[in-house]
Amino acid sequence: MLIFDQLRKNDRQLQVLAISVLSGLGLLLLGLWYVQVLSAKRYQTSQINQSFRTVRIPAIRGKIFDANGVALAENRPCYNVNLYLDELRPYFRSAYSNNLSWVMRQLTRTNSKARLTHNQRIELGKLTRYQVVSNLVYRVSSLLHQPVPLQDTKFLEHYDQRLFIPMPVLTNLNPTQIALFAEQSADLPGFDLEVQPVRVYPHHAAAGHLLGHLQRDDSAADEDVFFNYRMPDFRGVVGIEGAFDEQLRGRNGVKSVLVDSLGYRQSENVWAPAEAGQSVYLTIDIAIQQAAEKALHSAPVPYAGPVRGAVVVMDPRNGDLIAMASNPAYDPNDFAVRLTQERAEAAKLDDPILRPQINRAMQENYAPGSIFKIVVGLAGLEAGTLDPNEVYHSPGFYVIARGHKPIDDLAGPGDFNFRRALVKSSNSYFIHEGLKLGVDRIAEMGKRFHFGERTGILPRQEAPGILPTREWREKNLGGAWFDGNTANLSIGQEIDVTPLQVAVMISAVANGGTVYWPRLVARTEPQDPFSADQAVKFPAGRVHGELGISKNSLNAVRGAMLADVEDAEGTGTRAFVPGMRICAKTGTAQIQQGRKTIGHTTWIASFAPFDNARYVVVVMIEDGTSGGATSAPVAQQVYLALQKRESQPKPTKPESLVKN
Amino acid sequence: MFEIHLSGRQSRVDWGMILAIFGLMIIGVAFIYSAKPPSETTAWYNQFPVRQSMWYLMGAAAAVGICLIDYHSLARWSMVAYWMAILLLIAVLLPHVGAYRLGAWRWIDLGFFQLQPSEFAKLAFIFIQAHFLSRPTEELRQPTVFVKAVGLTVLPFLLILKEPDLGSALVLLPVGLVMTYVAGVPTRFLRRLVSAAGVLVALLLVDILFAPPAWQIKLEDYQRRRLWVYFNRDFAADKSTEAERQKARLQERNDSWNVKQALISVGSGGFWGKGWRQGQQIALGYLPPIVAHNDFIFSVIAEEKGFLGSVLVLSLYTVVLFTGIRIAGQARDRLGKLLAVGVVTLLFSHVFINIGMNIRLMPVTGIPLPLLSYGGSSVLCSLIAAGILQNVYLYRRNY
């Protein structure tokens, strides 16, 4: 080496020094190589970790539309005032130096050598920041004429933990406040107006049960990425919002915020923008839905307070639901922000009798009463045990065996053929026929209508009902099946159905024997036409099964149902609408507690028109007087609304225009 | 080769070293600019890079001035300089003379300039030691001479330790040791001294790291904690409550902050670096602004210029140091040789401790990086030291 050559050969000391210096420098070089080349990745990662915060941005939720493109659930902008603390740093600084000099003046008055300790300075800094922010918040509050509380603990928590995002000051400004803020906030440093979408249901409680509602969701269950902060997000819990949550929700975006060593925001960078959720198009017609709800609301019930019942309107040609109402209902808007205790109480959400959160059209089991006579009649006709023209003499009650309590028959004594028995709803006639058939054949016919099974319309929100058989009774109630049970089944007791199942059944009777899967959602479609997501269509008229019943049998039932509305002695005459040719069967099921009858579930199950059925209307009302008196007028109102809809020119629906 | 050595056309100063020093000064200004970007509220002449440049100019002038006088003449004043330095070191400890900053009495406030006597004491010490040791070899064999040489080292060492400035004090030890070694003091003396010192240091470390608090030697609290940080010791005592433990954790975080952030700066620079003024550690304040431009300037360079920048800096220092060793070899007498050796050892110790601290090879001590760190005293001394080397080189042939 150059230098070694020049050192005298015998100068050992300098050689030792040179070697020591060289090895020292070599050691540094190795150390630098290790840190800067071999471990560079590690340090780069820890630098990113300490200087970046990730923020999760929720996507804009998809909308929900009815069959005509009317929005049932959409998003409205909600204006919030936020405070960017990083922009206040100069104010913090000048206020701090003012405060510090004031404090020092006070201190040195008594003791000229007084100093503040490190911790006291930190404390003073904290107080100063709170003072600055609370003064500013006070100015905003007087500008907007609304008191804004600013708790010091809340502020400190935000300052310590979430300095990289703006601090929310006031949420949900009204239009006057927005205008005031926009005009006069120029000299207020650090404040900014933020727009956040808020779910809104423009028709309020209408179709509320179907739409469901949202719930604040800050869980990180579905993600494998860690976020330092999650912007408020909502999750659908029930109804369409719940069942189609994944589609409606879209994909969240990610924003990274560069922060300095004190945690102040330096810059922001959106790594992945949020992708708006898909819209869901329902088969529901909101006009009919509202008519059904109104009719249900004003049903002539023998009790005070809200009517408890349900209406299902279905297209028997394909199983599409046109309306599905349940009363009492709730307004899903109440849940959108955050359900307060008062609002929950005002809406009586937890009332044990009203139970407004239950969708009575599908979530609750009811005894069908006389409307099940349609099934018994069809079973008899198909089995050949029932001759429609044979006349049966009823004494006005039915005794199964000697010593048994006679079963009431509101149809009274008289001679009944099949048609008259169905029109007058003679219990004795159908018990007589049911006993001839036996439970197995009745249950078999019930199975063809898929009673006792969920229709699968919305997951986890549907009761399956109960279709009793010998095995079922043995397994669940632990007893043998007696004739008494068959007699009860023949008049629609001991069996549980939902109004939706009844609508499916009536549809099958009306359309000539096809049992459809009911359809509520027609399709989902991305909001953004350029989205990579595909629109998904749910085809109408998915067949669940065929009844395999002869035309004659069906015609016998349909004829009797027509007579039920149009004959003077029919039970469903109050459903009559001129020009609709409505066919119906009413039912009044007894609800018994022990041996006592404590109420009646009153039904009407109908379709129209007689020869070319387009509508099925099923009305169920809890604790009504009778099917004919309580439920039939509701059905009439619904048919009037349907008739009105037909007479109006159909809105030439440019869906793409209606959409937004 | 011999002919060239004797030829009169040989340059009178060593240009290689001057170029290397010039390179270091450019790097220094550039990265002080990066660490302390100009602020609008400060007058232009008070901006850090400008001030540093002025110190460079003054230092260069001082170095040229030093070169005008033969080092033999200078050495005659070494006794005066030494005791002046000792007086200043005592003065800095006096309440109305010394300035108290960052927990230590290290400065004398001269208004325009914060004089740091310990920096000048190092140079005075090199002079007196070289002067004292440039005596006949027979005398060097006497133990009393050796003891006196050690005494000359220990006096400023203790005074600087009292400030407290452990780093600067410790630097004196290798300088004194290497100078006595090169002077030709019998190695058995040195061996004994080094092993005694080694045992002492080992005992001290064991005491600080493992002994119960009552038995620990009285060290400045921050010094103890710096050693704890270096050896990764848990700050919380074994039997402490949760609150104490949390406090200790916070303390640990605060104390290890600079080291950790310096290491992240250096490491994240990678091979190529992020580019001049692109370092995030300074921009975001993770590397504390009060140390970034002086004690931790190397991590700024390493982050922005990467391993390549580090190698460049090391190479420039290598040029300076080995030129110094060569000058020592070419010196015409023992005084010149010892002066050169002392300066080389001083510069090397600074470089090694400072860069070592940035990559956690050494514990944190407030030792500036010669010519790169911001600071008047340090720059002046480094340039005067370089001037001494040139002086020895210049007057090598004046028999």
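What distance separates the centres of domain 1 of chain A and domain 2 of chain A, taken over C-alpha atoms?

A: Happy to. First, some ground rules: this is a predicted model, in which local features need pLDDT of at least 70 and side-chain atom pairs count only at pLDDT 80 or more, while totals for chains, interfaces and linings use all residues. Residues are numbered from 1 along each chain as its sequence is written, and chains are lettered from A and ligands numbered from 1 in the order in which they are written.

The centres of domain 1 and domain 2 of chain A, taken over C-alpha atoms, are separated by 46 Å. Domain 1 of chain A covers 54–87 + 137–282, and domain 2 of chain A covers 286–330 + 358–527 + 535–658; such bounds come from an automatic or database domain assignment.

Where they touch, 26 residues of domain 1 of chain A are in contact with 24 residues of domain 2 of chain A (in contact: C-beta atoms, placed from the backbone, within 7 Å). On the domain 1 side, the elements that give two or more residues are helix H8 (208–211), helix H9 (239–243) and S11 of chain A. Here helices (H or I, at least four residues) and strands (E, at least two) are DSSP runs, numbered from the N terminus. S11(A) gives the largest share of that side, five residues. By class, the domain 1 side has 15 nonpolar, 10 polar and one charged residues; Ala, Val, Leu, Ile, Met, Phe, Trp, Tyr, Cys and Pro count as nonpolar, Asp, Glu, Lys and Arg as charged, and the others, Gly among them, as polar.

S11 (residues 278–282) pairs with strand S19 (residues 521–526) of chain A in the antiparallel sense, over five bridges; two strands pair if DSSP finds at least two bridges between them. Within this pairing, Ser279(A) stands opposite Glu525(A) in S19(A). In general, strands of a sheet pair through backbone hydrogen bonds, either parallel or antiparallel.

S19(A) also pairs with strand S20 (residues 536–537) of chain A, again in the antiparallel sense, over two bridges. There, Arg523(A) stands opposite Lys537(A) in S20(A).

How values were computed: Two residues are in contact if their C-beta atoms, placed from the backbone, lie within 7 Å.
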